[in-house]
Amino acid sequence: MTRSSQLSCMRLIAVALISVLPLGCSDSTEPERVEVSGHVTLGGKPLPRAMIRFVAIKSEPGLHDSVTMISEGHFAFDSTNGPSPGEHHVMITPMEPEMNEAVAAIQNGERDPLNARSIPARYQSTGQLRATIDAANVQPLTFELTKR
């Protein structure tokens, strides 16, 4: 297994774990989650597919990251998997293609078959994008990413 495929596999496992962890035992102290939706563009066009992750800036016990897919520039969380109210770092990372898609891309001479550079690195870590979630006034969010 190559280093890039190992990293891809580890990323998929991490996303799966983050998505499943909040499904554990129900507790009355579970933080409030908010229905949130919005749009993401890259270079003025809807981002075809990616993952969007909200990470609470103020770390408190019981808070979980919220992760969902972006499809054709749109994302949506419901009240069971949405972010909690407050300030969040927002990270947008590429989706890993299916293995046959990656093989086809390599055969077509693509230099980045795993789409690692389809979204600039500054959006894939904390610090560049932020969002404030207000449960009393939920508005659609818009993230306009630039290629440079």
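These legends accompany an overview and two close-up views of the structure above.

The model is predicted, so local features need pLDDT of at least 70 and side-chain atom pairs count only at pLDDT 80 or more, while totals for chains, interfaces and linings use all residues. Residues are numbered from 1 along each chain as its sequence is written, and side-chain values use heavy atoms, with hydrogens and water left out.

**Overview: the protein chain and its elements.** Of the 148 residues, 33% are buried (under 20% relative accessible area; exposed is over 50%, partly exposed in between; 1.4 Å probe, protein chains only).

**Close-up 1: glycine 43 in a loop.** Here we visit the loop between strand S1 (36-42) and strand S2 (45-46), where glycine 43 sits. Glycine 43 counts as partly exposed because its relative accessibility is 48%. Beyond its neighbours within four places in sequence, glycine 43 is in contact (heavy atoms within 4.5 Å) with Leu145 and Thr146. The C-alpha atoms of glycine 43 and threonine 146 lie 5.0 Å apart, although 103 residues separate the two in sequence.

**Close-up 2: histidine 89 in strand S6.** Our last stop is histidine 89, found in strand S6 (residues 86-94). Histidine 89 counts as buried because its relative accessibility is 14%. Its side chain reaches the backbone nitrogen of glycine 127 at 3.4 Å. Not counting residues up to four places away in sequence, histidine 89 touches several residues, including Arg53, Phe54, Leu129 and Arg130.

Methods. Helices (H or I, at least four residues) and strands (E, at least two) are DSSP runs, numbered from the N terminus. A polar contact is a pair of N or O atoms within 3.5 Å; within protein, one must be able to donate a hydrogen and the other to accept it, and residues adjacent in sequence count only if both atoms are side-chain atoms.
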